[in-house]
Amino acid sequence: MIAPFILLVDDEVTFVKTMAKRMAERNIETIMAFSAEEGLEKLKTNQNLDVIVLDVKMPGMDGLEMLKRIKTGFFRTEVILLTGHATIESGIDGMKLGAFDFLTKPCDIEELVSKVEEATKKKRAHDEKIKDAESKKILSKYES
Amino acid sequence: MAQDRITNKLHSRKFTRNMVLIVILVSFIPMLLVSGMVLHQFSNSYNEKLYAHLKEMIHRHAQDIDSFLNERLHNLQFMLDSCDNVDLFNESVLQEKLFQLQQKYGDVFEDLGIINEKGVQESYAGRLKLENAQYSKAKWFEDALKKPFYISDVFLGLRSKPHFIISVKRVYQGKYFMLRSTINFEAFNFLAENLRIGNTGFAFILNREGNFQTKLHDDMLPSKKSYMDFISAGKKAKHGIYIGELTDDSDGKHIIYLAALLKNNDWILVYQQEKKEAFSDLIRTQIIAGVILFIGALLIVIMLSFLFHQIIKHLSEADREKEMMNRQIIETGKLASVGRLAAGTAHEINNPVAIMVQEAGWIEDLLKKEEFQEGENLQEIERALKQINTQGKRCKEITHKLLSFARKTDTQIQSVQVNKIVEEVVGISDKKSYTGITINSYKDQTIPPIAGSQTEIQQILLNLINNAIDAIGKKGGKIDITTRLEERFVLIVVEDDGSGIPQANQDRIFDPFFTTKAVGKGNGLGLSICFGIVKRMGGEIDVHSTIDIGTRFDIRLPRNKT
């Protein structure tokens with residue numbers, strides 16, 4: 001599988017930077033954003049992003065709001081929520097909004113990597129389906 | 001605390017005493033006034049009745065005695081009227097007349113005699129030899145000469161025995177003569193003695209000079225002066241009866257007197273009785289009424305004391321319950337504050353912890369590179385990093401519990417079987433296989449489902465079992481979990497035979513972050529969480545613990561309202 005391409009969104013700069021380095025060590029291509037607004041900008045310019053690892057609680061726009069915008073903007077990128085609230089409630093709220101999964105801070109890097117890979121597979125499988133559907137559509141137009 | 005209890009006890013006693021005194025004053029004053037009035041009226045009425053009765057009795061006796069005397073006088077008058085005067089000078093005729101009188105009236109007439117105007121008894125019939133007896137110097141004769149008929153005072157006379165004389169004066173051949181008879185004193189005396197009431201009530205007759213005309217027993221001898229004083233001071237009432245009271249100088253006894261005039265006011269019939277005896281019925285009634293009043297008052301005081309004691313007891317219990325509720329409210333408030341604080345800080349704590357763990361993870365990643373593999377302290381660094389990870393996870397667990405504690409209504413309320421939860425929890429705990437600890441469950445099969453959160457009840461039981469296991473420690477022991485159905489609650493009892501909780505700590509065990517466990521072994525939130533859950537469910541949680549004997553937690557969860 002081609003290495004996943006992910007966006008890390010968190011207002012904790014140190015956390016994001018270290019996380020990015022660790023992801024790179026695990027052959028995951030990572031870009032960073034330090035707010036939800038910046039994250040949305042990065043998403044627009046990097047539409048091939050597989051997964052966004054998104055912190056829930058951030059100043060300004062929070063993670064759940066950004067998730068809503070991602071889902072209403074028809075981006076196919078999967079979202080994994082990362083929450084400092086060590087409870088399942090915020091995670092469940094996120095799942096209801098269409099998040100792939102959620103993890104609580106501090107999380108195990110291997111667990112996160114595993115989730116990222118699963119989400120990437122799902123996203124890419126989805127991409128494939130769409131691509132196939134579009135190909136079939138073009139082919140059917142051509143044949144007709 | 002002990003001083004407070006003593007102060008409360010003293011306060012309660014003072015309150016009871018004051019209340020009893022107030023009620024007694026309020027109820028007793030009217031009762032005593034009414035009782036006093038009734039008794040006073042009754043005494044007056046009794047007094048009037050008694051005196052009326054005695055007056056009537058004295059009046060009748062006076063009439064009887066007067067009738068007796070008048071009848072005897074009429075007997076003599078009739079004798080004079082029914083035969084020739086000359087015959088009466090014949091002793092045999094007089095003897096016959098005496099015989100006839102004695103036949104008719106018994107021994108009342110002792111003798112008969114005809115006395116001429118010079119005081120010589122010309123004719124006599126009787127047991128004594130009094131023919132030609134000289135009465136010209138006798139006082140009675142002098143008095144008798146002045147009246148058509150006469151009744152003398154009692155005197156000893158020639159026969160040296162008390163007697164009295166009745167006489168009727170007539171004129172024969174221009175000269176006075178009189179028919180005289182001696183009246184048997186015993187027969188007359190009986191009339192007065194007949195009037196006896198009780199031990200101290202008796203009657204006697206006095207003449208105007210105060211001389212007794214009837215016999216007196218020695219023990220009843222009244223003072224002559226007293227009677228004279230009495231007659232002069234006594235009140236005259238109906239039928240000419242005198243009434244009065246005197247105090248006997250010799251023994252200080254109160255004596256009541258009633259007197260009536262006899263024999264054309266020459267004699268006085270006196271009746272006397274000790275007041276104490278005359279009014280004995282009244283005094284007895286007063287004593288009975290007093291005793292009843294006293295017993296009634298005593299019963300009222302006892303009942304009031306008992307009732308107020310009960311009221312105070314109930315009030316004290318209510319105060320205690322109120323105090324307990326206040327404490328629970330404070331506890332709940334404390335929990336809520338801690339909950340809010342926990343929710344606010346959990347995220348803030350998790351973020352730096354996450355960074356620390358992340359950085360440690362990054363060092364771990366770097367150490368895997370070749371250039372670091374030869375490092376002298378590699379193993380020590382790896383151990384330190386592992387420790388950072390472990391402690392990071394511990395922080396995470398703590399914040400997780402803090403957030404569980406802060407959670408409000410995030411659990412699903414459903415119909416749950418308490419016995420089933422107990423079974424599951426005992427099953428989970430057993431699997432952990434604690435050395436030397438046995439967990440027993442005793443379930444009441446009649447317990448119906450209740451409304452609650454399964455996970456929350458599980459959490460309560462797990463927390464309590466974990467605490468029990470810690471309390472039992474390595475020495476081994478047992479944990480009993482019992483369920484029972486009560487009127488309003490389902491009771492779950494978790495009991496261990498562990499080390500127990502010191503009395504001083506029992507009030508604080510539900511406080512958040514209160515723990516007696518070693519650092520790192522407990523965070524002091526377990527029982528606070530239990531307390532919060534039970535209170536949210538509308539239940540109760542109580543602890544009973546004795547050092548070295550064990551601890552019992554009673555959890556009461558409300559039954560469904562039917």
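Author: Of the 144 residues of chain A, 42% count as buried. The model is a predicted one, in which local features need pLDDT of at least 70 and side-chain atom pairs count only at pLDDT 80 or more, whereas totals for chains, interfaces and linings use all residues. Residues are numbered from 1 along each chain as its sequence is written, and chains are lettered from A and ligands numbered from 1 in the order in which they are written.

Reader: Why is A:K17 called partly exposed?

Author: A residue is buried if 20 or more other C-beta atoms, placed from the backbone, lie within 10 Å of its own, exposed if 12 or fewer do, and partly exposed in between. A:K17 has 17 other C-beta atoms within 10 Å and is therefore partly exposed. A:K17 lies in helix 1 (residues 13-25) of chain A. Between A:K17 and A:F34 there are 9.8 Å in space, C-alpha to C-alpha, and 17 residues in sequence.

Reader: How many helices and strands does chain A have?

Author: Chain A has five helices and five strands, where helices (H or I, at least four residues) and strands (E, at least two) are DSSP runs numbered from the N terminus. Along the sequence, their pattern is β-α-β-α-β-α-β-α-β-α.

Reader: What makes helix 2 of chain A and helix 3 of chain A roughly parallel?

Author: Helix 2 (residues 36-45) and helix 3 (residues 63-72) of chain A pack at an angle of about 25°, with their axes 10 Å apart. Axes are lines fitted to C-alpha atoms, for helices over the stretch in contact, and angles run from 0 to 180 degrees between N-to-C directions. Angles under 35 degrees count as roughly parallel, over 145 as roughly antiparallel, 65 to 115 as roughly perpendicular and the rest as oblique. The two helices of chain A, helix 2 and helix 3, are therefore roughly parallel to each other.

Reader: Which residues make the contact of helix 2 of chain A with helix 3 of chain A?

Author: Helix 2 of chain A contributes A:A36, A:G39, A:L40 and A:L43, and helix 3 of chain A contributes A:G63, A:E65, A:M66, A:R69 and A:I70. Two residues are in contact if their C-beta atoms, placed from the backbone, lie within 7 Å.

Reader: How many residues of chain B are in contact with chain A?

Author: In chain B, 19 residues are in contact with 18 residues of chain A. Helix 8 of chain B supplies the largest share of the side that touches chain A, 13 residues.
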